[in-house]
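Let's take a friendly walk through this model, starting with a pair of rings and moving on to the packing around them.

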Amino acid sequence: MKEFFTLKLVTMLTWTVIVLISLILGGYTQYQHSVGIAKDVLDANFDKDQSFRAWGSSHGGVYVPVDIPRTPPSPYMKHIKERDIQTPSGKKLTLMNPASMIRQMNNEWVGLYGSKAHITALEILNPSNIADTWERKALKAFKNEPELKEVIEFSDIDGVTNMRLIRPMLVGDGCLKCHGHQKSYKNTKTAGGVSVSLPMSGIYFLGIESLKKTAFIHLFFLLIGLLLINFIFKKEKKAIDELEHLANHDNLTGLPNRHAYNDKVESSLNDSSIDNIYMLFMDLDSFKIINDTLGHSVGDLLLQNVAKRLENRITGFEIFARFGGDEFVFLFTNVSNSTAIEKITQRIQKVFEEGFMLKGCDVHTSVSIGIASYPNPAVDAKALLRNADIAMYCAKRAGRSQYAFYDEQMSTKSKGELRLEGELHKAIIKDELFLLYQPQIALDSEKIVGVEALIRWNNPKSGLISPIVFIPIAENNGLIISIGEWIIDQACNQLASWKDTPMAHLTLSINISAKQLLHQNLHSYIRKAITRTCINGGLLELEITESVIMENINETIEILRDLKTLGITIAIDDFGTGYSSLSYLKKLPIDKLKIDREFIKDIPEDKDDIAITNAIVSLAKALDFKIVAEGPERGEHVDFLKEVGCDIAQGYYYSRPISSKGVEKFLN
């Protein structure tokens, strides 16, 4: 910005100098013009003098009435016989020589213009023609330099600056008519000079008046130019400010962006008055689901409202920035201790307890927050951001509306997850993923009626990796779509391979994640897989967790209805943990309810679990749903499930997850 103001000042000074130079040049031009005018006046006066003198001398003089004050008989014309004549009427005339006539005319001219001319010589007849110092010098120059045609200079006359011009006066035939009797007058010889002078004060006055107008015009253009420069630079500064604002602020929310945050952190790290820095890295929970279900316009409104609400209700921060997507960052300095920052974090989470009314929709979301501090353990700005990011993901894995302080163990775990993420990208290509199948047993007949496909990963470096570890990674990086499609293909291929075997009647269940369910390609992908493998769609079962269904209930109902057109069956997995609304449950196009193992493992000791399981079975019977109980491990579990009327059981009591060949052996 300093360079901008320097450039503006230099531009204004340059314009001022240009105008001043133009004014100086204009003044000089005006001076030259004044000199030119003076020269023209002198030339005109000289030419007038010569014209009158030529005319008068060609006639040997002019007869005029005798007027004693103005035209008395000339004593220099005594040798002319007819100097004085009388007209028949008695009027007296006298011969006026050209010199006298010109002298009188010049006197008249002086009165009009201030310019005067006279003839002069080194040797004079008439005292009025006496040469002054300047004229004598010029006459001597003519005498010594016959080729010299004129002398023109500025010279003072009675303290007044005059432009003076003198040219040689040559004797002609007309001159000899009056002066032929004088030996010094010879034809074509220099007899003296004609001197013309012009006071410059009048010319200068006109020039100064003109220069004033020029100066006024220049001043006008100077002011206009300065105003224009100021306007241009003001516009430029506004554009620069806008660009700087765009470079440092988020377009959607108007909050500072990552670039502004980095600058603020760097300046805070270099500020000796700051003892500690706490960074709160925030990510909205379920934002993608809101964005996908309600539309990007509602998602944008949510981000704007979140930014506004947090900015208005949370105080004491150094900077509140949006990093992009649904990520926000708070930066606090000189916080007394971790307890104080924890209270601030809880206030932030409390802000989200109130919903957001967006385009007629009451939208609820929460926020996961990662907290990192400087100087310990973070050592610089990058480490501070990285640590807060790691802590935020740890908080998000713990569930909705959680926060976590960074510690070194998180970093070690995060590095391991990054390594697994990189290897997971190659797992499908390298054929490292495989399916196991856990049998589902009809309790009334004790026969196998289906299996649930469970994915496993045999990593060459780490060995067998549980889906509890790698499925969340796949959910976060988007690989869950590719993995889900691989599972669909494998399941359909397996059903096709069992088509003409004793397993042909078995249903095969696969789990569908939230991202898969909301993915626009799910319906067409399953349809193509069923068509490609020529299987009975009724044998393919999709298991969807209750929490996923309830999070976007209206859209989920439409998606499930669409999937049902493929002939497949649909089950709600982990039923009883997602707080289903009974009014929605009757609207869902589902076939089965799977009771979560948490309600089975403590039966018959836990009376509450018995009551809940009884209620779920009764509800399912009333709604004509089949019931699958997950997790029975003891005979007591199975006996209870048979007693309450449960249809199917799936647990270690019957079998652990086994290979497809193991299913064949199990059936036999």
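## A buried pair of rings

In this predicted model, Phe 320 and Phe 330 are both buried. The two rings form a stacked aromatic pair, with 4.2 Å from centre to centre and 10 degrees between the planes. Phe 320 belongs to strand E9 (residues 319-324) and Phe 330 to strand E10 (residues 327-333), so their pairing ties together parts that are 10 residues apart in sequence.

Both residues also belong to one aromatic cluster, together with Phe 317, Phe 328 and Phe 332.

## Other aromatic partners

The whole structure holds 14 aromatic pairs. One of them joins Tyr 403 and Phe 405: the ring centres are 6.5 Å apart and the planes stand at 80 degrees, so this pair is edge-to-face. Tyr 403 is partly exposed, at 23% relative accessible area, and Phe 405 is partly exposed at 27%.

Charges meet rings here as well. The charged end of Arg 309 sits over the ring of Phe 356, 3.8 Å from its centre, while Arg 167 lies over the face of Phe 46, at 4.5 Å from the ring centre.

## Nonpolar cores

Which residues touch the most other members of the largest nonpolar core? They are Ile 510 and Leu 563, in a core of 83 residues. Helix H13 (residues 479-497) gives the most to this core, contributing 10 residues. Apart from it lies another core of 30 residues, including Leu 255 and Phe 332.

An open sheet of 3 strands runs in the order E1-E3-E2, with antiparallel pairing. Its edge strands are E1 (62-65) and E2 (84-86). E1 is joined to E3 (residues 92-96) by 4 bridges, and Val 62 has Met 96 in E3 as its bridge partner.

Note on methods
Residues numbered from 1 in each chain as written. Predicted model: local features only at pLDDT ≥ 70, side-chain atom pairs only at ≥ 80, totals over all residues. Heavy atoms only, no water. Core = buried A, V, L, I, M, F, W, Y, C linked by side-chain atoms within 4.5 Å. Buried < 20%, exposed > 50% of the residue type's maximum accessible area, 1.4 Å probe, protein only. Helix = DSSP H or I, 4+ residues; strand = E, 2+ residues; numbered from the N terminus. Pairing = 2+ DSSP bridges. Phe/Tyr/Trp six-rings, centres within 6.5 Å; stacked < 30°, edge-to-face > 60°. Lys NZ or Arg CZ within 6 Å of the ring centre and 35° of its normal.
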